[in-house]
Amino acid sequence: MFCNSCGSPIGDGQKFCANCGAPVVQTHVAQPQVNVNNTVAPAPVKPRNKKKGNILCLISMAVILVSTAIIVPLSVTRVLDDYPVVGITVAMVYVAAIIAAYVIMVVSLVKYRSVLSKIMIVIYIVALVIFFIAAVIFVMGAVMDCGNDFVNCLHNF
Amino acid sequence: MQMDIPVFNWSPYALMVFISVFIGFGNAVLLMRRFKISWQTVFFTCFLTVMCTMACSCLASVSITKDGVRLSFSGLGAGVGMLIGVFISTLIFNERNEHVMTSFIVSAPLMYGVAKIGCFMGGCCHGKEYSGPMAVTYHNKYEGTYFPLQLAESVIYLLIFVISFLLAVKIRDKTRVIAIIFAIILPVRFISEYFRYYNKGTIISPDQIIVLIAAAVAVILVLVWRAILTRITGKPSDQE
């Protein structure tokens, strides 16, 4: 089998071209149909189910929106401050939900390549980069506030 | 020769932790490209693995103290998070899975070695009191003269990284490479705890038990990952 994008040879079971990275369209090995005029019709290529991809995108966005809608009021009102174990559990579930949402979005993009998934993955990546930069600034700021005791402030390596 | 560490007005520890993440993931990317893994897989594997590493690193260190909830970074948590990230990614992409896993496991000692330089400059995780050659003196809250355990750890982990890198490039059976790296890193991490300032001379300390638990989680994760991939792909390994 050869890559549809660059023409490089592709081994059995490979999902992406090792040369250009393009996804391999798995075609069913159907026998070319010969019609009465003796011309060979190309084997049918199974189209990606874009609708399924969009549904996965929506599920991913719903997970993020619902979990954030729950965590933000809890965080702002600080109602869980007196119950640290519950607070930590909620935070862990929230982080797991966000990671799950990202995984679903990546699956949607890789398996179905719908337009919505392409747009949303860019937004997700930008959001993660902004979060990472904010985390760096926060950590550095917290550490600076601690002066020479920074290790006590932020450390458990 | 003795070493005298000045008091810093900034945090070498935090800086080195972030640098270690960038260097480690950069090395993983280089290795994956060397193994001819597509850019798409490389990009999204790093994307998911960074998330899982950061999340597990913080969540594994959460503790409840009298002053409230304490959150920090845990190297062991980061290691487990990295494995989880690669685990999820390989299930999605299914492209040269053991090569992807090897690329990240090879990078782990590099990240740890670089981060330990931050510990050495900051004074945390220091060794027992010592005044012989290469002793290190701090003037911050860890004031005292100690065995340079963090520096020794850093050198050893960077050496392990060099060995792991060479093994990953030379040996075709990546499962064996992963097993060898685990077999080197875990005893080193366990033995180094004997030289830590808080070790009371007991046969096994609470921190060593945590190391053993993290090691067990890591090994179980890799075994479960392999079993799932074998079930999905129908073959035990993705070697050429």
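## How to read the model

Residues are numbered from 1 along each chain as its sequence is written, while chains are lettered from A and ligands numbered from 1 in the order in which they are written. Because the model is predicted, local features need a pLDDT of at least 70 and side-chain atom pairs count only at pLDDT 80 or more, whereas totals for chains, interfaces and linings use all residues.

The model has an ipTM of 0.71 and a pTM of 0.75.

## Chain B at a glance

Let's start with chain B, which has seven helices and five strands. Helices (H or I, at least four residues) and strands (E, at least two) are DSSP runs, numbered from the N terminus. Starting at that end, the order in chain B is β-α-α-β-β-α-α-β-β-α-α-α. Its radius of gyration is 19 Å, close to the 18 Å that the globule rule gives for 240 residues, so chain B is as compact as a globular protein of that length. The radius is taken over C-alpha atoms, and the rule is 2.2 Å times the number of residues to the power 0.38.

Along the principal axes, the C-alpha atoms of chain B fill a box of roughly 55 × 40 × 35 Å. Buried residues account for 48% of its 240 residues. Here a residue is buried if 20 or more other C-beta atoms lie within 10 Å of its own, exposed if 12 or fewer, and partly exposed in between, with C-beta atoms placed from the backbone. Of the contacts in chain B with a separation of 6 or more, 70% join residues 24 or more positions apart; two residues are in contact if their C-beta atoms, placed from the backbone, lie within 7 Å.

## Chain A at a glance

Chain A has four helices and two strands, arranged along the sequence as β-β-α-α-α-α. Of its 157 residues, 20% count as buried. Among its contacts between residues at least 6 apart in sequence, 36% join residues at least 24 apart.

Helix α1 (residues 50-77) of chain A holds A:Ala62. This residue is exposed, because 12 other C-beta atoms lie within 10 Å.

Most residues other than glycine have a negative phi. What is the phi of A:Arg113 near? The value is near 50°, which is positive. A:Arg113 sits in the loop between α2 (84-112) and α3 (115-145) of chain A, and counts as partly exposed because there are 13 C-beta neighbours inside 10 Å.

In chain B, B:Met134 has a positive phi near 70°. Its place is the loop between α4 (97-122) and β4 (136-138). B:Met134 is exposed, as 12 other C-beta atoms lie within 10 Å.
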